[in-house]
Amino acid sequence: MGDIVAMLGHGFMQRALAGGIAIGIVASFLGAFVVQRRLGYLAGGLSHAAFGGVALGILLGVAPLAVALPFTIAIAVAIHAVQDRSPISSDSAIGVFFSVSMALGIVFLALTPRYSADAFAFLFGSILSVSAWDVAAAWALLIASVASMPLWGRWAMATFDAELARADGHPTRRHDLLLFVFLAVVIVISIKIVGMVLAGAFTVIPAAAARLGCVRFSSMTMLSVAIGVASVVLGLCGSVAFNLPSGATIILVQAVIFLVMLTVRPRGT
Amino acid sequence: MTVPGFEVENLTVEYGRFTALAGVELSVPAGAFLAVLGPNGAGKSTLVKAALGLVPVVSGAIRFRGLSRAALGPSRIGYVPQAKTLDRSFPALAIEVVASGITRRWPFRLTSKQRASAMALLGRVGMADVATRPISRLSGGQLQRVFLARGLAGDPEFVLLDEPATGVDTPAEEDLYRILLEYREARGATVVMVTHDWEVARRHADLAVLLNRIQVGFGPPADVLTPERLRAAYRHAGHALPEAGAHG
C-alpha cells in the first residue's frame, strides 16, 4: 500500500492514471457497441493492424503513434468498405487486413537499421512511456466521445436492429463507418498503456462483463464504463505494487471482474 | 375520386445480378388493406423493404399519398418486422422497444411522457403486463405484439408488416389482426401486410397482390386468389400447391 501511495507522487504514475482513466471511459463506452454488434474480432484485428503503423513510424524515425493513427484509421475504413461492397464476410476482411498490416510491421522493423526497444513497449504497454501528449490525446478523445453522446441513441438503435434503424431514417452505413473510425482511434490511443496485443480486449471485456449484469443497454453502457475505469485504476496500482506490465495487469483485473459477473449474474440477463 | 394511398409504379429490384422483383404495378386507395402473397422467394418482403428504402430500387417508384417516402417522412410509416429475425441477446425491455418507435432512436432513459405513451401502446396490444420484461424472456407471439405496438407508435398513416403472425398461435394471431383492423378503422390508415396465409387475405384484406418475382395478379382477394393464378404463382417455386382455401 505504501508503495502505491509513494508511486502516486511520481509524474509517470499520475500521467498513466490520468490518461488511463480517460481511455478506460471511452474504450468501455464504445465496448458496449463492440460487444453487442459482435465486433470483438474487429477490435482485436485493429489493435494488431496498428503494429504496421507503429513499425513504420519507428522505421521513419518519427513518433510511432502519429503514424499508427492514420494507418489504423485507413485499415478500419478499408475493412468497412470491403465488407460493405463485396461478398467477403467481415471476419475475412478483418483477417486479411490485420495479417497484411502485421506482415508490413515485421518488414518495417526488419528494415530498421537500429534495434528498437520501443517496439516492445508498444506491443505490451508501459506506463513509463506515457507522455503529457498522450494524456492530452486521451482527454481530447474523452471530450470527443462526450460530444458524440447524441449519437448514442442512433448507434444503439442500429445495434438493436440495423434494418429498423434504416426504416426510421438513420444513415446506418455512415454511422457504422464513424463507429469503426472511432474504434481505431481509441485503440491507437490506448496502446501506450495496454499495448497493441491487448488493446482490442480492453474494449471488449468491460462491456462483456457488464452485459452479464444488465437487462438494459443504457445500464450496460454505464456499468461497462464503471468497470473500465475501475480496472484501469486497480490494474495500474497492481502493476506498480507487483512490478508487472500495466496492460496485462489491467486486462487480468477485467478478467476477474468478468468471472465474478459470470458467477453472480442476475437471473434473466 | 379515390384518394391514392400506397402506389407502386413499374418497380424492379435487383440484388447484384439477381432480379428479385420486376414490373410490379399497383395502386391501393388510402385506408385500404393490401395483402402481399406468394411463395418463398417471391419478393414479398422485398416489396415492403423497397417501400421502406431498405433495398436498392433499380427502376420504378413507390409513393405514399402521392409522395416519396422521404417527402412523406419516415415517421408517417410504421414498420412491423418479423420478430424471429431480431437479435434477442440485445439487452432491452419491451417498453424500450416501443419507446424507440416513439423517439426513433434508442432511449437512454425514458421520460415520464415517453413511458406513458409506450405503456398506452403496449396496453392497446394487450402487452402492458410485460412492459418491464427483457425481450429475451418474451415468447415469439409476445415479441411480435410488442413490435406491432412499436409499429403503431406515432400514429402512422401507413402500416407495413412483414409476416407479423410468424410464431404466433391462432388465438393470438386473430387478436393481432383485430388490433390492426381497429387501428386502421380509427386512424384511416393504409395497411400493407406480407403473409403466407391466403385465408387471412380473404378475410381481412380489401386487395391482394400475388407475386412470384413478377406480379401474377392484383385486385380484390376473391379475384386474385383463384386456383389458376395460385398455380401460376407457385408453379415455378418448387412448391406443392396447397388446396385453395388452405393456409399457404
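Biologist: Before we start, how are the parts labelled, and which residues count?

Modeller: Residues are numbered from 1 along each chain as its sequence is written, with chains lettered from A and ligands numbered from 1 in the order in which they are written. As this is a predicted model, local features need pLDDT of at least 70 and side-chain atom pairs count only at pLDDT 80 or more, while totals for chains, interfaces and linings use all residues.

Biologist: Which strands form the sheet in chain B, and in what order?

Modeller: Strands, like helices, are DSSP runs numbered from the N terminus (strands E, at least two residues; helices H or I, at least four). Two strands pair if DSSP finds at least two bridges between them. In chain B, three strands make an open, antiparallel sheet in the order S2-S1-S4. Strand S2 (18–29) and strand S4 (57–64) of chain B each have a single partner strand, so one side of each has no neighbour in the sheet. Eight antiparallel bridges join S1 (residues 4–15) of chain B to S2(B), and B:Leu11 has B:Val24 as its bridge partner in S2(B).

Biologist: How do helices H3 and H10 of chain A cross?

Modeller: Axes are lines fitted to C-alpha atoms, for helices over the stretch in contact, and angles run from 0 to 180 degrees between N-to-C directions. Helix H3 (residues 40–60) and helix H10 (residues 172–194) of chain A have axes that come within 9 Å and cross at roughly 55°. That makes H3(A) oblique to H10(A); angles under 35 degrees count as roughly parallel, over 145 as roughly antiparallel, 65 to 115 as roughly perpendicular and the rest as oblique.

Biologist: Is A:Ser145 buried or exposed?

Modeller: A residue is buried if 20 or more other C-beta atoms, placed from the backbone, lie within 10 Å of its own, exposed if 12 or fewer, and partly exposed in between. A:Ser145 counts as buried because it has 20 C-beta neighbours inside 10 Å. A:Ser145 sits in helix H7 (residues 132–147) of chain A. Leaving out residues up to four places away in sequence, A:Ser145 touches A:Val26 and A:Phe29; contact requires C-beta atoms, placed from the backbone, within 7 Å.

Biologist: How many residues of each chain are in contact with the other?

Modeller: Here 23 residues of chain A are in contact with 21 residues of chain B. On the side of chain A that touches chain B, H8(A) gives the largest share, seven residues.

Terms used: Two residues are in contact if their C-beta atoms, placed from the backbone, lie within 7 Å.
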